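Open the model in your viewer and keep the selection panel at hand. We will walk through its charged side chains, stop by stop.

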Amino acid sequence: MADALLSVEHLSKSFGDKLLFDDISFGINAGQKTALIARNGYGKSTLLNILTGSVLPDDGRIAFAGDTRMAYLPQNPVTAPQLTAREFVFSATPHENEDEWVFEQRAEEVLSRLKINNLDKKLGLMSGGEQKKVALSRILIDNVNFLILDEPTNHLDITMIEWLEEFLSKQRLAILLVSHDRYFIDHVCDDIIEIDNSRLYRYHGDFGYYIEKKAEREAMEKAEVSKAKSLYRTELEWMRRMPQARGTKAKARIDAFYDLQAKARTRFDEQRPELSVRTERIGGKILELYNITKSHDGRCLINDFSYCFKRGEKIGIVGPNGIGKSTFLNIMTESERADSGRVVVGQTIQFGYYTQAGLREKDDKRVLDIIKDVAESIQLDSGKEMSAHQFLSYFGFDDTTQYNHFGNLSGGERRRLYLLKVLMANPNFLILDEPTNDLDIYTLQILEQFLRGYKGCLVIVSHDRSFMDHIVDHLFVFEEGGTIRDYHSNYTDYRLEKERSRKQLNAVRREEKPQYERQRTERRRATYKEQKEYETLTAEIDTLTAERQTLEHTLSSSSDTDAVLAASQRIGEVMALLDEKEMRWIELDDIVNAK
């Protein structure tokens, strides 16, 4: 296609005996926004590294269109340590015909939204999270038309994530992104590609559509594999009886046998049963906080907060980075002292605390032994036991990985192992501080299922809104000045309430404008040219809105691949045009309809 920025044809890649993907092909068109999904270790980051040239494929072809200007954000960006944040960010290229003032204004907005305040700090002195935000800022203001993003929401708080998804959805850019954030995928992307069992599948729709169509595909494939297994037994008997002298027809049948064998040995990830763990009995007194106050560097983080935890409740904690969420958890577990107030922990309470600090183990220690050091097995509600080996398998650690050494694990595998070590101790009060970072979507769904069935008290800090919505009963909302508000619903409801409050406040402010401002506005009348532009825009917006609805229908229901590809390309252009024209229409509407 003439508008394809990226074409990937018959790409294959293995590492040793492990086949990541085999003979996969796909393309990304101008303006198309695509999410890449796969389990940890299935080749997501390897594919991105092949596309950006840092890793060579075993076979296949990659082609970028001549006008492609690409930027890549890896999970752990390598920046120039000697440069300051200001020097690094402002080394980006301004957009065509963009003057210096506009470029600087755009850069300042991005930097302020991502809360990068110390621009004169050298990158080498920054944490990994700070470096990633600086690298993200640079590519967002760079003059590119294709972004490749590997987990861009890691290290961002919820407010930053919501701003980023709005920013990216409005850009006329092609985007290929890896993310475990299902809400982020839904807000930004037009379609989803998945690597599964070394093959690639494409879904033109949101995450819910992907789940539905994936289930349909797997049901069909399981039926085919079941049929292949029946035929395989017959053909296997024939192969065993077959004499050495074989004719042309026999050789063809032998070739077909090996294809059938590969089909029959296809493995699927079976649906995991609900796992309900028996927790130690919780007494009448659980955890009580009385008038807790805490400040740091002259800033009040917690101001006179009291709460008595109840049996079995699940609480989510939300608020900007640096507002005191982790400090609050440390005070709950008495690993940090409050400035004033009391913490009373019930005698039966056994904390399990997953912190952001991570897991420290000897590099030569095996994964299975690390879990066995905690417990050989875990008790289930059914009265049965689940061994350490079975528990690891349930959360996606295969036999090979269980006998691997800790030093050979990836960062994501280490975080997952740390999480299982906390869970294996079978606490009756579980505290999880950002447990979703570096977990793939599949592992998140398993963890969600486990936590929904968890009988103890649960407190979670997470920037993953979907994860929070699926688990928690209510929220502790951290606000500036040390206020902690108890909001009795999920994060989506909280966000909608915030948006309603913002609109109401803006309406009140408009009503409270001084009278002289109103009179000055009332005297302003639309010119003939403005009146005609307003009428033209009204008609254009109606036309574009109708086109958008038609395109959305095509994307959700059409089986015509060419039509879906054309629609996925066009809808980004239509949305951008609508945004542009609606902004101007709002300006003119205030003038044309002034009373």
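Which residues gather in a patch of negative charge on the surface? Select Asp99, Glu100, Glu104 and Glu108, and you have the patch. A patch here is made of residues with over 30% relative accessible area and no salt bridge, with like charges joined within 9 Å. Asp and Glu count as negative, Lys and Arg as positive, while His and the chain ends are not counted.

Before moving on, a word on what you are looking at. This is a predicted model, in which local features need pLDDT of at least 70 and side-chain atom pairs count only at pLDDT 80 or more, while totals for chains, interfaces and linings use all residues. Residues are numbered from 1 along each chain as its sequence is written, and side-chain values use heavy atoms, leaving out hydrogens and water.

Stay with Glu108 for a moment: you will find this residue in helix 3 (residues 100-113). Helices are DSSP runs of H or I with at least four residues, strands are runs of E with at least two, and both are numbered from the N terminus. Glu108 has a relative accessible area of 38%, so it is partly exposed; buried means under 20%, exposed over 50%, and partly exposed lies in between (1.4 Å probe, protein chains only).

Next come the salt bridges. Side chains of opposite charge can pair when their charged atoms come close. The rule used here asks for a side-chain nitrogen of Lys or Arg within 4 Å of a carboxyl oxygen of Asp or Glu, and it gives a count of 32 salt bridges.

Select Asp464 and Arg182, whose closest N and O atoms are 4.0 Å apart in a salt bridge. This pair links distant parts of the chain, 282 residues apart: Asp464 sits in the loop between strand 18 (457-461) and helix 15 (465-471), and Arg182 in helix 6 (residues 182-188). Both Asp464 and Arg182 are buried.

Now go to Lys214 and Glu194, a salt bridge at 2.8 Å, N to O. Lys214 belongs to helix 7 (residues 207-241) and Glu194 to strand 8 (residues 191-196). Lys214 is buried because its relative accessibility is 11%, and Glu194 is buried at 0%.

Glu535 is partly exposed at 39%, as is Lys532 at 38%.

Finish by selecting Glu162, Glu165, Asp181, Arg465 and Arg495 together: they are linked in a network of salt bridges.

Conventions: Patches are made of residues with over 30% relative accessible area and no salt bridge: like charges are joined within 9 Å, nonpolar side chains (Val, Leu, Ile, Met, Phe, Trp, Tyr) within 5 Å. Accessible areas come from the Shrake-Rupley method with a 1.4 Å probe; for residues, only the protein chains shown count as cover. The place of a charge is taken as NZ of Lys, CZ of Arg, CG of Asp or CD of Glu.
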